[in-house]
Amino acid sequence: MGIGSVATQIGAVSQQEWSTYLQHFVPYENQLIQYAMDPNQVTQATSQALATQEQANSQATGIQANNLAQMETSLTPEEKAAVDKQRGLSNSLANVQAQNKAKDVTVANQMGVMGSQATGITGAL
Amino acid sequence: MGLFGGGEVGPTPQEQVLASTFTQQFQDYQKRWLPIADHLGDVVSSMAPGKDSWQRAEAEGKGNADTAMAFAQDMAQRSASLSSGVNAGSSRFKLGVAGAATAEAESKGISIESGNQQITSAYLKGLQSLTAQGGKLAAGATQGMDMAAQITSHEAINNAQVQNSANSGAMQAVGFGIGALGASAMSPSPGGGPMTDLGGGYGLQIQQNMAQGGGTSFGAGSVENLPGV
């Protein structure tokens with residue numbers, strides 16, 4: 001091995017490592033940073049949770065009709081009004097809870113990412 | 001090669017082994033582990049919040065199935081209660097059935113959303129895992145560059161030292177020659193004429209003392225003969 005070739009070889013491999021890091025890993029670091037720093041992340045998560053909960057809530061009427069049919073019975077108009085009123089309150093509560101939980105989880109996720117990754121590449125250096 | 005010649009210091013065997021191992025390790029990493037990291041990256045990226053991934057679809061399906069199974073048992077108990085004299089036509093019974101339907105629907109929503117949040121959590125853990133791998137690679141690259149710089153620096157210093165030694169050896173030889181010529185030139189002339197004061201310093205005084213027989217070397221004899229010593 002010639003003069004300086006050891007340093008040159010190590011330097012070249014190190015540059016390849018750095019290029020590999022930039023090409024293969026930095027995009028994922030950026031995804032993580034984007035998630036942690038995006039102020040819209042909470043809004044998106046609560047919107048998603050609300051949509052999921054509302055979709056599930058909308059199935060209640062069908063489930064109820066099936067269950068009552070299995071029992072070979074049906075609701076009177078008065079009973080239906082009472083059930084609808086109760087369901088409206090219950091669904092609202094479920095929607096609020098779903099959004100609150102989504103918000104809490106998302107904020108906790110963001111804080112967790114920031115806490116664990118703050119040293120990140122700076123720490124490595 | 002310096003002005004007066006001299007060799008250069010090559011890498012030590014340990015440095016050669018270090019370079020070879022360093023290269024092989026990275027080649028092995030590229031061959032075996034980098035494809036896995038790439039695959040993990042693809043899978044993880046597909047799990048990003050807001051994306052319709054198969055993982056989220058599966059979580060939704062599981063949430064639906066788990067809830068349906070749990071409430072199917074509830075319905076089976078209600079059906080069984082009918083045979084023990086419960087009046088299925090009573091408002092209380094019917095409102096109970098309707099309330100169970102509302103609870104089932106809400107539970108589905110909670111279960112699906114919980115699954116979604118678990119997928120997001122797995123997405124973040126995957127990204128953190130990739131970030132950790134990338135951090136190690138970046139640290140390795142930085143360490144490698146540091147090693148290369150240090151080896152280069154050591155080689156430069158060693159080469160400079162080798163050249164210095166060679167040059168100083170050559171200069172000593174040249175200096176000895178010049179010194180000998182100088183001593184010869186500054187010896188008193190055969191006619192006893194005064195010496196020319198070229199430097200006015202101790203060097204000349206030493207030469208004078210030496211010429212007067214005070215000493216034959218630059219050692220203690222010369223110093224003892226210096227004025228005021």
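What span should the 33 residues of α1(A) have at 1.5 Å a residue, and how far apart are its end C-alpha atoms?

Guide: The model is a predicted one. At 1.5 Å a residue, the 33 residues of α1(A) should span 48 Å.

Chain A has five helices and zero strands, and its elements run α-α-α-α-α from the N terminus on. The domain assignment of chain A gives domain 1 as residues 1-37 and domain 2 as residues 40-124. Helix α1 of chain A covers residues 5-37. The centres of domain 1 and domain 2 of chain A, taken over C-alpha atoms, are separated by 44 Å. Of the 125 residues in chain A, 29% are buried. Among the contacts in chain A between residues at least 6 apart in sequence, 89% join residues at least 24 apart.

Now to the other chain. In chain B, 61 residues are in contact with 59 residues of chain A. On the side of chain B that touches chain A, the elements giving two or more residues are α1 (13-46), α2 and α3 (91-186) of chain B. Of these, α3(B) gives the most, with 41 residues. Sorted by class, this side of chain B has 28 nonpolar, 24 polar and nine charged residues.

Phe26(B) is found in helix α1 of chain B, and it touches Val13(A), Gln16(A) and Glu17(A), leaving out residues up to four places away in sequence. Phe26(B) counts as buried because it has 20 C-beta neighbours inside 10 Å, and 20 or more is what the term requires. Phe26(B) and Gly140(B) are 114 residues apart in sequence, yet their C-alpha atoms are 9.6 Å apart in space.

The nonpolar cores also bring the chains together. The largest nonpolar core has 24 residues, and those with the most contacts inside it are Ala101(B) and Leu127(B). The elements giving two or more residues to this core are α1 and α3 (60-70) of chain A, together with α3 of chain B. The largest share of the core, 13 residues, comes from α3(B). Ala101(B) touches Ala60(A), Ile63(A), Gln64(A) and Asn67(A), again leaving out residues up to four places away in sequence. There is also a second, separate core of nine residues, which includes Val6(A), Ala19(B), Ala148(B) and Ile151(B).

Helix α2 of chain B has 29 residues, 54-82, and should span 42 Å at 1.5 Å a residue. Its end C-alpha atoms are 42 Å apart, which agrees. The buried residues of α2(B) are Arg56(B), Ala59(B), Glu60(B), Gly63(B) and Thr67(B). An α-helix has 3.6 residues a turn, so residues three or four places apart point the same way.

Chain B has five helices and zero strands, and its elements run α-α-α-α-α from the N terminus on. Of the 229 residues of chain B, 21% count as buried. Residues 24 or more positions apart account for 69% of the contacts in chain B with a separation of 6 or more.

Two single residues remain. Asn167(B) lies in helix α3 of chain B and is partly exposed, with 15 other C-beta atoms within 10 Å. Asn167(B) and Met47(B) are 120 residues apart along the chain, and their C-alpha atoms are separated by 68 Å. The other residue, Glu72(A), sits in the loop between α3 and α4 (77-117) of chain A. Glu72(A) counts as exposed because it has 9 C-beta neighbours inside 10 Å. It is not a glycine, but Glu72(A) has a positive phi of about 55 degrees. Most residues other than glycine have a negative phi.

Technical notes. Residues are numbered from 1 along each chain as its sequence is written. Chains are lettered from A and ligands numbered from 1 in the order in which they are written. This is a predicted model: local features need pLDDT of at least 70, side-chain atom pairs count only at pLDDT 80 or more; totals for chains, interfaces and linings use all residues. Helices (H or I, at least four residues) and strands (E, at least two) are DSSP runs, numbered from the N terminus. The expected span of a helix is 1.5 Å times one less than its number of residues. A residue is buried if 20 or more other C-beta atoms lie within 10 Å of its own, exposed if 12 or fewer, and partly exposed in between; C-beta atoms are placed from the backbone. Two residues are in contact if their C-beta atoms, placed from the backbone, lie within 7 Å. Ala, Val, Leu, Ile, Met, Phe, Trp, Tyr, Cys and Pro count as nonpolar, Asp, Glu, Lys and Arg as charged, and the others, Gly among them, as polar. Domain bounds come from an automatic or database domain assignment. A nonpolar core is a set of buried Ala, Val, Leu, Ile, Met, Phe, Trp, Tyr and Cys residues joined through C-beta atoms within 7 Å.
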